[in-house]
Amino acid sequence: MPRVRISSVISWKSRRNSLIGGVLGLAALLWAVPAWANQLRILTWANYLSPQVVARFQQETGISVTVDTVTSYTAMIAPLLAGNQVYDVVFPADFQVTELVAQGLLERVGVDRLANFWNVDDVWRARAFDPRNEYTIPHVWGTTAFAVDTAVYGGNMDSLRLVFQPPPSLAGRMAVVDSGFDMVQLALVWLKLPRCSTQADNIDKVRDLLLPILRRVAVVGSDRIVQDMIDGRYALAVMWNGDALMARKRRPSLRYANPVEGSLVWSDVIAVAKGAPNRAGGQAFLSFMMRPEIAAQQSNFNGYANMIRGAEAFMDPGLLNAPEIITPPSSALDFFTHCGNGAETQQEAIWGALLREAGK
(Lines give C-alpha, C1' and ligand atoms only; values in the text may rest on other atoms or scores of the structure.)
Protein backbone atom coordinates (compact mmCIF):
# COMPACT_ATOMS: atom_id res chain seq x y z
CA MET A 1 0.00 0.00 0.00
CA PRO A 2 1.52 3.41 -0.94
CA ARG A 3 2.55 5.66 1.88
CA VAL A 4 3.62 9.24 2.49
CA ARG A 5 6.67 9.89 4.62
CA ILE A 6 7.51 13.45 5.58
CA SER A 7 10.96 13.52 7.08
CA SER A 8 14.07 15.62 7.55
CA VAL A 9 17.41 15.18 5.82
CA ILE A 10 20.92 15.83 7.18
CA SER A 11 20.44 18.70 9.68
CA TRP A 12 17.28 19.91 7.99
CA LYS A 13 14.37 19.87 10.35
CA SER A 14 10.69 18.99 10.53
CA ARG A 15 9.20 15.50 10.79
CA ARG A 16 5.63 14.46 10.30
CA ASN A 17 3.89 11.16 10.79
CA SER A 18 3.43 8.73 7.92
CA LEU A 19 0.10 8.87 6.15
CA ILE A 20 -1.63 5.99 4.43
CA GLY A 21 -2.60 6.60 0.83
CA GLY A 22 -4.84 4.77 -1.60
CA VAL A 23 -4.10 2.34 -4.36
CA LEU A 24 -5.93 3.81 -7.33
CA GLY A 25 -3.37 3.85 -10.14
CA LEU A 26 -3.12 5.88 -13.28
CA ALA A 27 -0.83 3.45 -15.06
CA ALA A 28 -0.88 5.40 -18.29
CA LEU A 29 1.14 8.15 -16.62
CA LEU A 30 3.96 5.83 -15.67
CA TRP A 31 4.06 3.15 -18.38
CA ALA A 32 4.35 0.56 -15.60
CA VAL A 33 8.11 0.06 -15.78
CA PRO A 34 10.87 0.09 -13.13
CA ALA A 35 10.26 0.19 -9.38
CA TRP A 36 11.10 3.90 -9.18
CA ALA A 37 8.17 4.64 -11.50
CA ASN A 38 5.90 4.07 -8.51
CA GLN A 39 7.95 6.31 -6.20
CA LEU A 40 8.30 10.08 -6.02
CA ARG A 41 10.70 12.00 -3.80
CA ILE A 42 10.00 15.66 -3.10
CA LEU A 43 12.15 18.35 -1.48
CA THR A 44 10.12 21.23 -0.07
CA TRP A 45 9.90 23.66 2.83
CA ALA A 46 9.18 22.77 6.45
CA ASN A 47 5.50 23.13 7.46
CA TYR A 48 4.60 23.89 3.85
CA LEU A 49 3.29 20.95 1.80
CA SER A 50 -0.10 19.67 2.97
CA PRO A 51 -0.01 15.98 3.97
CA GLN A 52 -3.60 15.73 2.70
CA VAL A 53 -2.53 17.01 -0.71
CA VAL A 54 0.27 14.45 -0.86
CA ALA A 55 -2.07 11.66 0.24
CA ARG A 56 -4.58 12.63 -2.44
CA PHE A 57 -1.91 12.58 -5.14
CA GLN A 58 -0.89 9.19 -3.91
CA GLN A 59 -4.44 7.86 -3.99
CA GLU A 60 -5.01 9.06 -7.53
CA THR A 61 -1.74 7.81 -9.00
CA GLY A 62 -0.62 4.87 -6.87
CA ILE A 63 2.77 6.57 -6.47
CA SER A 64 4.51 6.23 -3.10
CA VAL A 65 5.69 9.70 -2.04
CA THR A 66 8.53 10.70 0.26
CA VAL A 67 8.77 14.35 1.30
CA ASP A 68 11.98 15.79 2.75
CA THR A 69 12.05 19.34 4.11
CA VAL A 70 14.50 22.21 4.47
CA THR A 71 14.42 25.59 6.18
CA SER A 72 16.59 27.78 3.92
CA TYR A 73 17.01 28.78 0.30
CA THR A 74 20.56 27.47 0.35
CA ALA A 75 19.50 24.04 1.59
CA MET A 76 16.73 23.88 -1.01
CA ILE A 77 19.17 23.76 -3.93
CA ALA A 78 22.17 22.17 -2.18
CA PRO A 79 21.41 18.60 -3.36
CA LEU A 80 21.03 19.82 -6.94
CA LEU A 81 24.29 21.77 -6.85
CA ALA A 82 26.03 18.70 -5.39
CA GLY A 83 24.84 16.59 -8.33
CA ASN A 84 22.77 14.26 -6.15
CA GLN A 85 20.07 12.79 -8.38
CA VAL A 86 17.86 11.95 -5.42
CA TYR A 87 14.84 14.21 -5.82
CA ASP A 88 12.21 14.25 -8.51
CA VAL A 89 10.44 17.47 -7.49
CA VAL A 90 11.83 20.60 -5.83
CA PHE A 91 10.30 23.88 -4.61
CA PRO A 92 12.92 26.61 -5.21
CA ALA A 93 12.34 30.34 -4.93
CA ASP A 94 11.78 32.15 -8.20
CA PHE A 95 15.13 33.94 -7.94
CA GLN A 96 16.98 30.59 -7.88
CA VAL A 97 15.62 29.39 -11.22
CA THR A 98 18.02 31.33 -13.44
CA GLU A 99 21.05 29.79 -11.75
CA LEU A 100 19.55 26.30 -11.76
CA VAL A 101 18.71 26.48 -15.46
CA ALA A 102 22.11 27.92 -16.36
CA GLN A 103 23.79 24.98 -14.63
CA GLY A 104 21.48 22.45 -16.27
CA LEU A 105 19.92 21.35 -12.99
CA LEU A 106 16.24 21.41 -13.96
CA GLU A 107 14.41 19.25 -16.45
CA ARG A 108 12.87 21.02 -19.46
CA VAL A 109 9.33 19.68 -19.12
CA GLY A 110 7.36 22.24 -21.16
CA VAL A 111 4.95 23.10 -18.38
CA ASP A 112 2.57 24.90 -20.75
CA ARG A 113 1.80 21.49 -22.23
CA LEU A 114 0.74 20.04 -18.89
CA ALA A 115 -2.98 19.45 -18.57
CA ASN A 116 -3.71 22.10 -15.93
CA PHE A 117 -1.23 24.85 -16.84
CA TRP A 118 -3.92 27.13 -18.24
CA ASN A 119 -5.47 27.35 -14.79
CA VAL A 120 -2.56 29.65 -13.87
CA ASP A 121 -3.44 33.36 -13.73
CA ASP A 122 -2.03 35.13 -16.77
CA VAL A 123 0.23 37.47 -14.81
CA TRP A 124 2.17 34.53 -13.33
CA ARG A 125 3.01 32.88 -16.64
CA ALA A 126 6.10 33.49 -18.79
CA ARG A 127 8.05 35.33 -16.11
CA ALA A 128 11.56 36.62 -16.73
CA PHE A 129 13.34 33.62 -15.21
CA ASP A 130 11.29 31.14 -17.30
CA PRO A 131 9.92 33.14 -20.25
CA ARG A 132 8.84 30.13 -22.34
CA ASN A 133 7.33 28.16 -19.44
CA GLU A 134 9.85 25.38 -19.94
CA TYR A 135 10.95 24.53 -16.42
CA THR A 136 8.67 25.72 -13.62
CA ILE A 137 5.10 26.17 -12.52
CA PRO A 138 4.16 29.03 -10.15
CA HIS A 139 3.11 27.83 -6.74
CA VAL A 140 2.44 30.46 -4.05
CA TRP A 141 3.38 34.03 -3.33
CA GLY A 142 3.90 35.72 -0.01
CA THR A 143 5.40 38.69 1.80
CA THR A 144 8.08 39.21 4.39
CA ALA A 145 7.56 41.78 7.14
CA PHE A 146 7.12 41.25 10.88
CA ALA A 147 4.54 40.15 13.42
CA VAL A 148 3.98 41.82 16.78
CA ASP A 149 2.29 40.55 19.93
CA THR A 150 -0.04 43.44 20.74
CA ALA A 151 -0.45 42.14 24.28
CA VAL A 152 3.18 43.14 24.82
CA TYR A 153 3.60 46.12 22.50
CA GLY A 154 0.65 48.36 21.72
CA GLY A 155 2.39 51.14 19.85
CA ASN A 156 2.56 52.06 16.18
CA MET A 157 3.73 49.18 13.99
CA ASP A 158 3.46 50.59 10.47
CA SER A 159 7.21 51.01 9.91
CA LEU A 160 10.35 48.90 9.64
CA ARG A 161 11.71 51.23 12.31
CA LEU A 162 10.31 48.77 14.84
CA VAL A 163 12.75 46.15 13.53
CA PHE A 164 15.84 48.25 12.92
CA GLN A 165 15.40 50.85 15.69
CA PRO A 166 13.26 48.98 18.24
CA PRO A 167 11.97 50.59 21.44
CA PRO A 168 13.33 49.44 24.81
CA SER A 169 10.10 47.59 25.56
CA LEU A 170 11.00 45.01 22.91
CA ALA A 171 14.56 44.46 24.14
CA GLY A 172 15.24 40.77 24.55
CA ARG A 173 11.87 39.86 22.98
CA MET A 174 12.76 39.92 19.27
CA ALA A 175 13.59 37.33 16.63
CA VAL A 176 14.37 37.35 12.92
CA VAL A 177 13.84 34.56 10.43
CA ASP A 178 17.01 32.78 9.36
CA SER A 179 16.94 33.92 5.74
CA GLY A 180 19.60 36.05 4.09
CA PHE A 181 17.46 36.95 1.08
CA ASP A 182 14.75 38.37 3.34
CA MET A 183 16.88 40.05 5.97
CA VAL A 184 19.39 41.68 3.62
CA GLN A 185 16.66 42.94 1.31
CA LEU A 186 14.63 44.33 4.21
CA ALA A 187 17.75 46.14 5.37
CA LEU A 188 18.22 47.60 1.89
CA VAL A 189 14.59 48.73 1.84
CA TRP A 190 14.98 50.41 5.23
CA LEU A 191 18.19 52.13 4.09
CA LYS A 192 16.41 53.31 0.91
CA LEU A 193 18.90 51.42 -1.25
CA PRO A 194 18.10 49.26 -4.30
CA ARG A 195 17.00 45.74 -3.35
CA CYS A 196 19.30 44.29 -6.00
CA SER A 197 22.38 46.29 -5.09
CA THR A 198 25.71 44.48 -4.97
CA GLN A 199 27.84 47.61 -4.57
CA ALA A 200 30.44 47.23 -1.85
CA ASP A 201 29.53 50.49 -0.10
CA ASN A 202 25.86 49.51 0.07
CA ILE A 203 26.72 46.07 1.41
CA ASP A 204 28.90 47.72 4.06
CA LYS A 205 25.90 49.79 5.14
CA VAL A 206 23.79 46.62 5.40
CA ARG A 207 26.49 44.98 7.49
CA ASP A 208 26.70 48.00 9.82
CA LEU A 209 22.93 47.87 10.28
CA LEU A 210 22.43 44.13 10.71
CA LEU A 211 25.46 43.04 12.71
CA PRO A 212 24.55 44.86 15.98
CA ILE A 213 20.99 43.54 15.65
CA LEU A 214 22.17 39.97 15.16
CA ARG A 215 24.29 40.22 18.29
CA ARG A 216 21.24 40.93 20.45
CA VAL A 217 18.27 39.15 18.84
CA ALA A 218 17.42 35.52 18.21
CA VAL A 219 17.80 34.03 14.74
CA VAL A 220 15.10 31.40 14.29
CA GLY A 221 14.55 28.82 11.56
CA SER A 222 11.29 28.80 9.65
CA ASP A 223 10.44 25.41 11.16
CA ARG A 224 10.38 26.89 14.69
CA ILE A 225 9.25 30.48 14.38
CA VAL A 226 5.51 29.79 14.28
CA GLN A 227 5.51 27.77 17.49
CA ASP A 228 7.81 30.25 19.22
CA MET A 229 5.37 33.07 18.48
CA ILE A 230 2.40 30.97 19.60
CA ASP A 231 4.21 30.23 22.85
CA GLY A 232 4.88 33.95 23.44
CA ARG A 233 8.63 33.50 23.38
CA TYR A 234 9.01 36.64 21.26
CA ALA A 235 6.98 39.83 21.06
CA LEU A 236 8.22 40.69 17.58
CA ALA A 237 9.55 38.49 14.81
CA VAL A 238 10.51 39.13 11.22
CA MET A 239 8.68 36.35 9.40
CA TRP A 240 6.71 35.30 6.34
CA ASN A 241 3.04 36.22 6.16
CA GLY A 242 1.81 32.62 5.98
CA ASP A 243 3.70 31.76 9.14
CA ALA A 244 2.30 34.87 10.82
CA LEU A 245 -1.22 33.79 9.87
CA MET A 246 -0.70 30.29 11.25
CA ALA A 247 0.62 31.74 14.51
CA ARG A 248 -2.26 34.22 14.86
CA LYS A 249 -4.83 31.45 14.59
CA ARG A 250 -3.56 30.11 17.91
CA ARG A 251 -2.44 33.41 19.48
CA PRO A 252 -5.02 36.07 18.50
CA SER A 253 -3.02 38.97 19.96
CA LEU A 254 -0.51 38.69 17.11
CA ARG A 255 -0.68 41.25 14.29
CA TYR A 256 1.21 41.20 10.99
CA ALA A 257 2.68 44.56 10.02
CA ASN A 258 2.29 46.36 6.71
CA PRO A 259 5.24 48.75 6.85
CA VAL A 260 4.96 51.93 4.81
CA GLU A 261 8.48 51.37 3.47
CA GLY A 262 7.23 48.18 1.86
CA SER A 263 7.09 44.46 2.51
CA LEU A 264 9.10 42.06 0.41
CA VAL A 265 7.08 40.06 -2.08
CA TRP A 266 8.40 36.66 -3.12
CA SER A 267 7.13 33.59 -4.91
CA ASP A 268 7.97 29.90 -4.95
CA VAL A 269 7.86 27.62 -7.96
CA ILE A 270 7.82 23.87 -8.47
CA ALA A 271 10.18 22.09 -10.85
CA VAL A 272 11.43 18.65 -11.84
CA ALA A 273 15.08 18.09 -10.93
CA LYS A 274 17.52 17.21 -13.70
CA GLY A 275 18.01 13.46 -13.91
CA ALA A 276 14.94 12.86 -11.77
CA PRO A 277 14.49 9.11 -11.29
CA ASN A 278 10.75 9.53 -11.92
CA ARG A 279 10.47 12.34 -14.44
CA ALA A 280 6.98 11.27 -15.56
CA GLY A 281 5.76 11.17 -11.98
CA GLY A 282 7.25 14.60 -11.39
CA GLN A 283 5.36 16.02 -14.36
CA ALA A 284 2.17 14.41 -13.10
CA PHE A 285 2.72 16.06 -9.72
CA LEU A 286 3.23 19.50 -11.31
CA SER A 287 -0.01 19.21 -13.25
CA PHE A 288 -1.83 17.94 -10.15
CA MET A 289 -0.71 21.00 -8.15
CA MET A 290 -2.31 23.35 -10.71
CA ARG A 291 -5.82 22.03 -10.13
CA PRO A 292 -7.95 24.67 -8.35
CA GLU A 293 -9.12 22.41 -5.52
CA ILE A 294 -5.55 21.24 -4.86
CA ALA A 295 -4.11 24.77 -4.92
CA ALA A 296 -6.81 25.79 -2.44
CA GLN A 297 -6.05 22.87 -0.13
CA GLN A 298 -2.39 23.92 -0.17
CA SER A 299 -3.25 27.53 0.68
CA ASN A 300 -5.60 26.45 3.44
CA PHE A 301 -2.75 24.46 4.96
CA ASN A 302 0.20 26.86 4.70
CA GLY A 303 -1.52 30.25 4.66
CA TYR A 304 -0.11 31.56 1.38
CA ALA A 305 -1.91 32.93 -1.67
CA ASN A 306 -1.81 30.78 -4.80
CA MET A 307 -1.86 31.70 -8.49
CA ILE A 308 -4.57 29.33 -9.74
CA ARG A 309 -7.85 30.56 -11.20
CA GLY A 310 -10.89 29.09 -9.52
CA ALA A 311 -9.07 28.16 -6.31
CA GLU A 312 -11.03 30.76 -4.34
CA ALA A 313 -14.14 28.60 -4.50
CA PHE A 314 -12.39 25.94 -2.42
CA MET A 315 -10.49 28.16 0.04
CA ASP A 316 -11.34 28.82 3.66
CA PRO A 317 -13.33 32.10 3.92
CA GLY A 318 -11.04 33.31 6.69
CA LEU A 319 -8.04 32.96 4.43
CA LEU A 320 -9.56 34.99 1.60
CA ASN A 321 -9.91 38.00 3.92
CA ALA A 322 -6.91 37.42 6.18
CA PRO A 323 -5.03 40.64 7.06
CA GLU A 324 -1.76 38.79 6.49
CA ILE A 325 -2.72 38.44 2.82
CA ILE A 326 -4.91 41.48 2.13
CA THR A 327 -2.62 44.50 2.42
CA PRO A 328 -3.70 48.15 2.64
CA PRO A 329 -2.79 50.66 -0.08
CA SER A 330 -0.38 52.34 2.35
CA SER A 331 1.99 49.37 2.13
CA ALA A 332 4.13 49.43 -0.99
CA LEU A 333 4.29 45.98 -2.60
CA ASP A 334 6.67 45.28 -5.45
CA PHE A 335 5.48 42.01 -6.93
CA PHE A 336 8.00 41.46 -9.65
CA THR A 337 11.42 42.60 -8.48
CA HIS A 338 13.72 39.97 -9.93
CA CYS A 339 17.33 41.00 -9.75
CA GLY A 340 18.81 38.93 -12.55
CA ASN A 341 22.30 39.86 -11.42
CA GLY A 342 22.78 37.14 -8.81
CA ALA A 343 22.15 39.60 -5.97
CA GLU A 344 19.87 37.22 -4.08
CA THR A 345 22.50 34.47 -4.03
CA GLN A 346 25.07 36.98 -2.82
CA GLN A 347 22.67 38.12 -0.11
CA GLU A 348 22.45 34.57 1.18
CA ALA A 349 26.26 34.44 1.36
CA ILE A 350 26.42 37.82 3.10
CA TRP A 351 23.92 36.59 5.68
CA GLY A 352 26.00 33.52 6.40
CA ALA A 353 29.08 35.66 6.96
CA LEU A 354 27.14 38.00 9.26
CA LEU A 355 25.83 35.11 11.34
CA ARG A 356 29.36 33.77 11.79
CA GLU A 357 30.64 37.20 12.75
CA ALA A 358 27.81 37.61 15.26
CA GLY A 359 28.58 34.21 16.76
CA LYS A 360 25.26 32.62 15.74
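Mentor: Helices (H or I, at least four residues) and strands (E, at least two) are DSSP runs, numbered from the N terminus. Also, this is a predicted model, where local features need pLDDT of at least 70 and side-chain atom pairs count only at pLDDT 80 or more, while totals for chains, interfaces and linings use all residues. Residues are numbered from 1 along each chain as its sequence is written, and side-chain values use heavy atoms, with hydrogens and water left out.

Trainee: OK. At what angle do α2 and α11 pack?

Mentor: About 150 degrees, with the axes 9 Å apart; α2 covers residues 51-61 and α11 covers residues 292-302. They are therefore roughly antiparallel to each other. From α2, the contact (heavy atoms within 4.5 Å) uses Pro51, Gln52, Val53 and Arg56, and from α11 it uses Glu293, Ile294, Gln297, Gln298 and Phe301.

Trainee: Which classes of residue are in that contact of α2 with α11?

Mentor: Four nonpolar, three polar and two charged. For the classes, Ala, Val, Leu, Ile, Met, Phe, Trp, Tyr, Cys and Pro count as nonpolar, Asp, Glu, Lys and Arg as charged, and the others, Gly among them, as polar.

Trainee: And how do α6 and α13 pack?

Mentor: At an angle of about 95 degrees, and the axes of α6 and α13 (residues 343-358) are 8 Å apart. That makes α6 roughly perpendicular to α13. The cut-offs are under 35 degrees for roughly parallel, over 145 for roughly antiparallel, 65 to 115 for roughly perpendicular, and oblique for the rest.

Trainee: Which residues in α6 and α13 meet?

Mentor: On the α6 side, Gly180, Phe181, Met183, Val184, Gln185 and Leu188; they meet Glu344, Gln347, Glu348, Ile350 and Trp351 in α13. By class, this contact has six nonpolar, three polar and two charged residues.

Trainee: Switching topic: how many residues does the largest nonpolar core have?

Mentor: The core has 121 residues, and Phe91, Phe146, Phe164, Phe285 and Leu286 have the most contacts inside it. Helix α6 (residues 180-190) provides the largest share of this core, eight residues. By nonpolar core I mean a set of buried Ala, Val, Leu, Ile, Met, Phe, Trp, Tyr and Cys residues joined through side-chain atoms within 4.5 Å. Buried is under 20% relative accessible area, exposed is over 50%, and partly exposed is in between (1.4 Å probe, protein chains only).

Trainee: What is phenylalanine 164 in contact with?

Mentor: Leu186, Ala187, Trp190, Leu209, Leu210 and Ile213, if you leave aside neighbours of phenylalanine 164 within four places in sequence.

Trainee: Now the backbone. What is the phi of alanine 126?

Mentor: It is positive, about 50 degrees, although alanine 126 is not a glycine. Alanine 126 sits in the loop between α4 (97-102) and β6 (136-149) and is partly exposed, at 43% relative accessible area.

Trainee: What about asparagine 133, buried or exposed?

Mentor: Asparagine 133 is buried, at 10% relative accessible area. It lies in the loop between α4 and β6, and its phi is near 55 degrees, a positive value in a residue other than glycine.

Trainee: One more: where is asparagine 341?

Mentor: Asparagine 341 is in the loop between α12 (317-320) and α13, partly exposed at 38%. Beyond neighbours within four places in sequence, asparagine 341 is in contact with Cys196, Thr198 and Gln346.

Definitions and conventions: Axes are lines fitted to C-alpha atoms, for helices over the stretch in contact, and angles run from 0 to 180 degrees between N-to-C directions.
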